[in-house]
Amino acid sequence: MTITPSIKKEYLVNLAENGKRSDGRKFDEFRKISIETGVISKAEGSARVKIGNTQVISGIKMDIGEPYPDSPESGVMTTAAELIPLASPDFEAGPPREDAIELARVVDRGIRESELIEVDKLCIEPGEKVWMVFIDIHILDFDGNLFDAASLASLAALLTTNVPAERFDLGENYPLPLKEPPISCTSVKYNGVVVMDPSLDEEEIAEARLTVATDINGHLRAMQKGLNGSFSVDEIKKVIKASIDNGRKIQEQLYKSVGK
Amino acid sequence: MSQEKREIVIPSQLLGDIKNIKAGRGTFVENGKIYAEVLGILNKNSNYINVTPLKGRYDPIEKDFVIGIVEEAMSSSWLVDINAAYPALLHVNEVPWDVDFGETERYLNYGDCIMAKVLQVDQEKKLQITLKDRNLYKIKGGQIINVEPSKVPRIIGKKGSMISLLKKYTKCRIFVGQNGRIWVDGDDDGIKKVINTIDMIENEALSYGLTNKIEELLKKEAKDVH
Amino acid sequence: MNDTEIKLFENGKRIDGRKPDELRKIKIEAGVLHRAEGSCYLEWGGNKVIAAVYGPREAIPRHTQNPLRAIVNARYNMAAFSVDDRKRPGPDRRSREISKVISEALENVILLERFPRASIDVNIEVLDAEAGTRCAGLTAAGVALVDAGIPMKDIPVACAAGKIENQVVLDLGKDEDNYGNADLPIAISPRTGEVLLLQMDGHLTLEEFDQALDLAIKGCHIVSDIQKKAITDKYQSVQGGTTQ
């Protein structure tokens, strides 16, 4: 396990008391984001996202399967995340632990609750055959803020996914039917200070974490509070506002990267 | 200024013959031929061929000054991370305090930083460090920067020239551990400047005239402020 | 291994236009990750792999420690989205076997006695797969180990040869792997020519084996040059500046 020296925490706390972060960013400022799509030829859709040095690849695979019994005319969507040992000296090989599971479920919720994928358009034979969308998130380099990188990579991948109808003799391939993507923004709190897009150092000393997914209308689609610290109601409202503002900017960048 | 040839070699590269020259650190010998064993800089003089590694963890040498981070407090010793392949042991006999059995946590705890000296490296690579020396203590305040251990000589500079420059222009206290950990203390701007300058030195460590370049840059920044 | 409509050879050229002794296009980049101590990104034909090295560090759990030398834990893993039919995440028996033979090949060239009780952890992720992933993975691992500053007596490299329609060819592509008659992936220590990894399945006469082995070894040497260039490219550019 990598140990965080205690003086690092004091240093970051002191800086924060003077309104600063160690890399010079404002409290609600994101690091440089880069989005690249179509990076995996075998996947029906894929994207690589970098936020600062954090790097995530998300790949979309599709297959035909049975619908859930309670929604016989809807497609199926699942999200999985792997914190592979490649990405950090602290990630161990083995079945996903709670961090990976929480990450996958939070990304999943953001996408599902925003109804990004029009699952009712993914029915082939009601009750029998529907399209299944598998979102697989692979963390390659961990330098803070996996939630937003994973979510953004998955969105970019979905926005460039083509349903592989040809492979199953169901006509021509066509773009996956989608609505507006929700953008996820994560903040952490340490020593009474709340910052957005935490770097690795900031995550290491974080007491509480809040991820907010907002849509194009500035409405809320998913939220998740993590770690064992707490937020005041006021802090939560501030975070939501900053998430809506940043969400809008990131959405523009996302659309540009997929050619919209 | 002598123009040392900074040739970079890679593992398995043929460097010489033991008939003509001795094999030093960073090389291995097979069938009378000397090869590089690590990615590094070739140092060849009339007697030896050495390769100084460009990357990798710190390789502890006795008497080196290092900055350690305490991993675990045990009943009569502490386990300390010094960026080597193994943690180092700090025994209660090697600290300037009178520590009772089981009372180690009162003095040093998980996450504490210390300036220490490498006391012993045995054959099984078991490492021991000590705090019993002038200038060794538990660190308070400031920030820690991590660099590749191989870049430490460059950051210190010939006869400390580079580090003196940094201290002069940033008015910070700076301590460079041989293990690639650097401690800085001063005002916010000074610390930031040190971090940025060290970053630049790390990236351009192999270029010539770096000390002059850094000096010019620091001078200019100081003028700009006034 | 079955009769199909696919003609693997047409006018002396293979499906993708290659000659029998021609490699697919290879691109190698060293030092691509921030956290890993050594890393490498490699593209080989349609394969995309990334390798990362951590260590040497104390081996855990303790019972795996060897008091005399380091152990090498190579972990080969295929991403769920790397293949046509999505692969369930997690190691399957095939991945575990490949991890083992790669670990063993790497242990041969790393100077293990330098680091008793330690482990050197090598992670190989296949992001996009198109036949020959274990060779691509091991080749990337070799570069990542150098990038991590691990002392080695050589940089290991791998390449495969095979047989399609009774002709021995170098570096099987996807269809050739599926419909060919034999596959022979090997890894060598290029300085000495010693074989570190060897697997074979299919059907080869002794003569065909000799040809295939010869071809694979030649392929290894070509790939070895590409590895070495990737490393020197990365570190020469760090030199910057000229005489003042």
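1. In chain B, three strands form an open sheet in the order 13-15-14, and their pairing is antiparallel; strands here are DSSP runs of E with at least two residues, helices are runs of H or I with at least four, both numbered from the N terminus, and two strands pair if DSSP finds at least two bridges between them. Because strand 13 (143-146) and strand 14 (173-176) of chain B are at the edges with a single partner strand each, one side of each has no neighbour in the sheet.

2. This is a predicted model, in which local features need pLDDT of at least 70 and side-chain atom pairs count only at pLDDT 80 or more, while totals for chains, interfaces and linings use all residues. Residues are numbered from 1 along each chain as its sequence is written, and chains are lettered from A and ligands numbered from 1 in the order in which they are written.

3. Strand 13 of chain B is joined to strand 15 (residues 181-185) of chain B by four bridges, the two running antiparallel, and B:Ile145 has B:Ile182 of strand 15 as its bridge partner.

4. Leaving aside neighbours within four places in sequence, C:Val122 is in contact (C-beta atoms, placed from the backbone, within 7 Å) with residues including C:Ala51, C:Leu106, C:Ala141 and C:Leu145.

5. Where chains B and C meet, the contact takes 25 residues from chain B and 30 residues from chain C. On the side of chain C that touches chain B, helix 4 of chain C gives the largest share, five residues.

Key. Two residues are in contact if their C-beta atoms, placed from the backbone, lie within 7 Å.
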